[in-house]
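User: I would like to learn how to read a protein model with ligands. Please take me through the features in turn.

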Amino acid sequence: MGSGKTTVGEGLGKALGVQVIDTDQWIEQIENETIKELFQTKGERYFREKETEALVKIQQYPLIVTTGGGIVLKEENRELMRNKGAVVFLDCKIDEIFDRVAGDSTRPLLQNKSKAEIKKMYDDRKTAYLEAATIVFDTSGKSVMQIVQELKEILLKK
Ligand SMILES: Nc1ncnc2c1ncn2[C@@H]1O[C@H](COP(=O)(O)OP(=O)(O)O)[C@@H](O)[C@H]1O
Ligand SMILES: O=C(O)C1=C[C@@H](OP(=O)(O)O)[C@@H](O)[C@H](O)C1
Ligand SMILES: [Mg+2]
């Protein structure tokens, strides 16, 4: 949450001329509810099932898929992602993440969370991020444009 997946994915799509699908937006469309509403009406477990469904059903090539930050929590999802192609973990220092998402009301798991609680969530998930990823990219201190340019070069070399 807040590492820039959705924003960088959109930029990368434009830079590479490749379509982009964000799993959160895909789920919002098929459920006709925002992520925040979906968490309230059907709960996190249901949302996590939809994330797996998105990874199974989104079948296009070439394509950039951006995901929610919790998608890596299921081993099934990590495997689905790795089997599709390059998986980029956009890493970021917690202070920057906190500044970016402070005051955001659209992310249900971040509501009323302190920086220490967000750091704990990041620490608890880090192993899963590293396990899912084939490319680790530290975005700390970099602009979106800079990240897009650097990632474009990395991906084109692959
Ligand atoms: N490198 C960056 N520098 C500054 N702000 C950024 C950067 N990347 C993303 N943001 C901002 O941080 C917020 C969260 O970005 P978003 O793309 O929604 O992240 P994610 O999809 O990983 O949760 C947005 O307001 C976005 O504009
Ligand atoms: O990390 C998470 O568990 C979540 C991250 C969100 O997406 P972003 O990572 O794009 O904010 C969204 O999928 C949902 O609120 C849950
Ligand atoms: Mg996002």
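User: At which residues does UniProt place the feature "binding site"?

Analyst: UniProt positions are given here in the numbering used for this structure, feature names are shortened, and annotations may be inferred rather than shown by experiment. In this case an unreviewed UniProt entry puts "binding site" at Asp-24, Arg-48, Gly-69 and Arg-125. From this set, Gly-69 and Arg-125 belong to the lining of the largest pocket. A pocket is found on a 1 Å grid over the protein atoms alone, as an open set of points with protein on both sides within 12 Å along at least five of seven lines; lining residues have an atom within 4 Å of a point. The model is predicted: local features need pLDDT of at least 70, side-chain atom pairs count only at pLDDT 80 or more, and totals for chains, interfaces and linings use all residues. Residues are numbered from 1 along each chain as its sequence is written, chains are lettered from A and ligands numbered from 1 in the order in which they are written, and side-chain values use heavy atoms, with hydrogens and water left out.

User: Which residues come nearest to ligand 2?

Analyst: A residue is near a molecule if one of its heavy atoms lies within 4 Å of it. Around ligand 2 there are 14 residues, and Lys-5, Asp-24, Arg-48, Arg-107 and Arg-125 come nearest. By class, this shell has 5 nonpolar, 4 polar and 5 charged residues. Here Ala, Val, Leu, Ile, Met, Phe, Trp, Tyr, Cys and Pro count as nonpolar, Asp, Glu, Lys and Arg as charged, and the others, Gly among them, as polar.

User: Which helices each supply at least two residues of that shell?

Analyst: Helices are DSSP runs of H or I with at least four residues, strands are runs of E with at least two, and both are numbered from the N terminus. For ligand 2 the helices are H1 (5-16) and H4 (43-57). Lys-5 is in helix H1, and Arg-48 is in helix H4.

User: What polar contacts does ligand 2 have?

Analyst: A polar contact is a pair of N or O atoms within 3.5 Å; within protein, one must be able to donate a hydrogen and the other to accept it, and residues adjacent in sequence count only if both atoms are side-chain atoms. Among them, a polar side-chain atom of Arg-48 is 2.7 Å from an oxygen atom of ligand 2. For Gly-70, a backbone N or O atom lies 3.1 Å from an oxygen atom of this ligand. Arg-107 places a polar side-chain atom 2.7 Å from an oxygen atom of ligand 2. Taken alone, ligand 2 exposes 380 Å², of which the protein buries 97%. Accessible areas come from the Shrake-Rupley method with a 1.4 Å probe; for residues, only the protein chains shown count as cover.

User: Where does ligand 1 sit?

Analyst: A molecule sits in a pocket if more than half of its atoms lie within 2 Å of its grid points. Ligand 1 sits in the second largest pocket, and ligand 2 also sits in the second largest pocket. Ligand 1 is surrounded by 13 residues, the closest being Gly-2, Lys-5, Thr-7, Arg-107 and Lys-142. Helix H1 gives the largest share of this shell, 3 residues. An oxygen atom of ligand 1 lies 2.7 Å from a polar backbone atom of Gly-2. The protein buries 70% of the 560 Å² that ligand 1 exposes when taken alone.

User: Which peptide bond is cis?

Analyst: Most residues other than glycine have a negative phi, and most peptide bonds are trans. A cis bond joins Tyr-61 and Pro-62, with omega about 0°. Asn-32 is not a glycine, yet it has a positive phi of about 55°.

Notes. On a 1 Å grid over the protein atoms alone, a cavity is a set of points where a 1.4 Å probe fits but cannot get out, and a pocket is an open set with protein on both sides within 12 Å along at least five of seven lines; lining residues have an atom within 4 Å of a point.
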